[in-house]
Amino acid sequence: MIKNLIFDFGKVLVDYDISIIANKFFSEPEQMKLFQQLLSRPEAVAEMDREEIPFSQYVARLQAQYPAIAQSLQHFHDDYNMLITGEMPGMKDLLTRLKAKGYHLYGLTNWCSKVHNTIEKYSDLFGLLDGRIISSEVHFIKPEPEIYHALLDTYRLVPEECVFADDKPENIAAAQALGIHGIVFVDACQYARELAERFNIEL
């Protein structure tokens, strides 16, 4: 019996677009390209999300390595919330209805410590969660099993009673390897349909 519904944050609860900062603060195409390539590299994303050093120190290190874009990297640090374009359509209403039906809602996200700005800005949405695990706080990232165990252990969840929604198939596969059910998220309508068809959760 499903009792707990777990949600990734980015591209599931809220949307984001790193090109917003690139487009706003760059006038030279080559520097814009470098900025986007630098911050979209999988190893860079993983390092920011794991946050074994403070986010500000990580940005300062990049500024020292790439002085030509140092100012834009500072904007990336200072104006990080600009990346967030809003709530994913339909998800706040969906979570509200699920909570009203008695399901426990949790968050499991790869995100640097700047995530708290987003949580505060969209408090009506994130306030629906009964708990959350953030990669930068536990220093593990999906799809590493340790971050899933952190959620299960912290909130004493039974894997088979959980459904995890994430936009990345590899993160769903890692959850399923631990006995957690998974839905590769596309949008609110698709998610609600799969809840109904696969888990008999009608909304």
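Predicted model: local features only at pLDDT ≥ 70, side-chain atom pairs only at ≥ 80, totals over all residues.
Residue numbers start from 1 along each chain as its sequence is written. Local features need pLDDT of at least 70, side-chain atom pairs count only at pLDDT 80 or more, totals for chains, interfaces and linings use all residues, and side-chain values use heavy atoms, with hydrogens and water left out.

**Strands**

Helices (H or I, at least four residues) and strands (E, at least two) are DSSP runs, numbered from the N terminus. Two strands pair if DSSP finds at least two bridges between them.

| Strand | Partner strand | Bridges |
|---|---|---|
| E1 (residues 4-7) | E4 | 4 bridges |
| E4 | E5 (residues 131-134) | 4 bridges |
| E6 (residues 162-166) | E7 (residues 181-184) | 4 bridges |

Strand E4 spans residues 104-109. Of its 6 residues, 5 are buried (under 20% relative accessible area, with exposed over 50% and partly exposed in between; 1.4 Å probe, protein chains only). Asn4 has His104 in E4 as its bridge partner. Gly107 is partnered by Arg132 in E5.

Asp166 bridges to Val184 in E7. E6, helix H11 (residues 169-177) and E7 form a right-handed β-α-β unit. Right-handed means that, with the strands pointing away from the viewer, the path from the first strand over the helix to the second runs clockwise.

**Pro159**

Pro159 lies in the loop between helix H10 (145-155) and E6. Is Pro159 buried or exposed? Pro159 is buried, because its relative accessible area is 18%. Beyond its neighbours within four places in sequence, Pro159 contacts (heavy atoms within 4.5 Å) Leu152, Leu178, Gly179, Ile180 and His181. Its C-alpha atom is 9.5 Å from that of Ile2, 157 residues apart along the chain.
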